[in-house]
Amino acid sequence: RDRASSFIGLRGLPTESGWPHLRGRRAAVTRAGLVELLPSIEQTTLLRAALGTSRSGPDDLKLVDRMIGALATLPPAAQVAVKGLRPLLARSEGVSTDRFQRDTVTALRTGMAREAIRVASVQALVRQALTAVSATGHPFLVVRGVALAETGYPDPVTRHCHDLDLYLPIESRPAIAGALSATGFGVAQDDPSRPPGEERWVHPSGFPVELHTTFFPERYYSLPPEWVWSGATTRPILGIPVRIPAPGDHLVLVLGLASCTPQRSTLRWVTDSWFLLTETAEFPWERFLDGMREARLALPVSVMLTYLSDEVGAPVPEEVLRTVRSEAAEAPPLARDIAFFWANALPAGTVRGEREPIGFWSSTWLLGLKLWPSRAYMAHAYPEKRGFMLWWYFRRLARGATKALDARKSPRSPIRTTERQ
């Protein structure tokens, strides 16, 4: 079954024959340049099996069986993704000794038992931190991992969480940091890669609490805090009433963060989106679309939502997909170049998969867009280098050529190599 064609993130990509009008080709080439946001074919097979979607067939389960059996031979990023999905795989109805090797089933169930023990200790630390922070009376939101695991997944064990993410107004940070300090947490050393205003507080056991004053590391994607606060709801997490984003806003946060961070290689953005869409009785699509517009995320979201609908089977209405694609086609060059940058921000070889070719001229156009971005993007990325813009253009060209060479040298997945032989 040929599945590579849909990995370009759109239906009906124009080919070299029958040259369409310029605007349509530009939009298609732009979307094709964002395919690196998406999981590879092997990873999609793994996700289908873990989520138990109707699109997972016998051949898919055989490939998953081989992937788990050959876990030690996979690249490090692929190992992290597989390990994070093992609890969901263990609970999937398709996983049984009739379809999987007995050793594979045993490994999945053993991993599930270990994860349950780990989650119990994590929940105790989360309860301790939330109790201390709530006692301050200062506003905060519980976002992403723990919030989704405790309120969206059928079982918190099936969503691996390694930290607690709190969003708070910057004026509340001293009080909340003081409460964490009194509970035994200590502030981590400054990390130059962290956005300004972000702090990490670490428990002696190693469990961190992340204090966020921004929603995304990319400043262009700026969702107004008052927008998220206006829709936040109160939900109990481990018996403690806390505020979490509304489902529509949470999906914007999940997709937006995945579009501008290398953490998307864990594939948790796919499972988080899936359970937000399937566990919410009536998903607020209008709220989601308004939040996407506020955050200026139409371009990456158009590709990611199409993937969720076409490849995983998530319930995304066709009208919503048409709306998002239409707004993505109107995105300015700055939005396009920022999306290209983050789509290619993963190390070479982290995500490898077969992509359908889009033709020589379209590929050449796409390469030019990536290596020679707009002046608006260069001013955005290097605001202090405006007087030396030509130098920074050539510097980007050299770095792009180096990365392309590294990508060609990176090994392909041994699972797919074996399958071809």
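The following legends describe close-up views of a predicted model.

**View 1. Side chains of strand β2, residues 164-167.** Leu 164 and Leu 166 point one way from the strand, whereas Asp 165 and Tyr 167 point the other way. In a regular strand, side chains alternate between the two faces of the sheet. Each of these four residues of β2 is buried, that is, under 20% relative accessible area.

**View 2. Pairing of β2 with strand β1, residues 141-143.** The two strands run antiparallel and are joined by three bridges. Leu 141 has Tyr 167 of β2 as its bridge partner.

**View 3. Pairing of β2 with strand β5, residues 208-212.** Here the pairing is in the parallel sense and extends over four bridges. Tyr 167, the bridge partner of Leu 141, also stands opposite His 212 in β5.

**View 4. The second largest cavity, with a volume of about 80 Å³.** The structure holds six cavities of 30 Å³ or more. Lining the second largest cavity are Arg 118, Val 119, Val 122, Gln 123, Val 126, Val 146, Ala 149, Glu 150, Pro 156, Arg 159 and Cys 161.

**View 5. Helices and residue classes in the lining of the second largest cavity.** Helices α5 (102-134) and α6 (145-151) each supply at least two residues of this lining. The greatest contribution comes from α5, with five residues. By class, seven of the lining residues are nonpolar, one is polar and three are charged.

Methods
Residues are numbered from 1 along each chain as its sequence is written. This is a predicted model: local features need pLDDT of at least 70, side-chain atom pairs count only at pLDDT 80 or more; totals for chains, interfaces and linings use all residues. Side-chain values use heavy atoms; hydrogens and water are left out. Buried means under 20% relative accessible area, exposed over 50%, partly exposed in between (1.4 Å probe, protein chains only). Two strands pair if DSSP finds at least two bridges between them. On a 1 Å grid over the protein atoms alone, a cavity is a set of points where a 1.4 Å probe fits but cannot get out, and a pocket is an open set with protein on both sides within 12 Å along at least five of seven lines; lining residues have an atom within 4 Å of a point. Grid points are joined across faces, edges and corners, and a volume is the space filled by probe spheres set on the points. Ala, Val, Leu, Ile, Met, Phe, Trp, Tyr, Cys and Pro count as nonpolar, Asp, Glu, Lys and Arg as charged, and the others, Gly among them, as polar.
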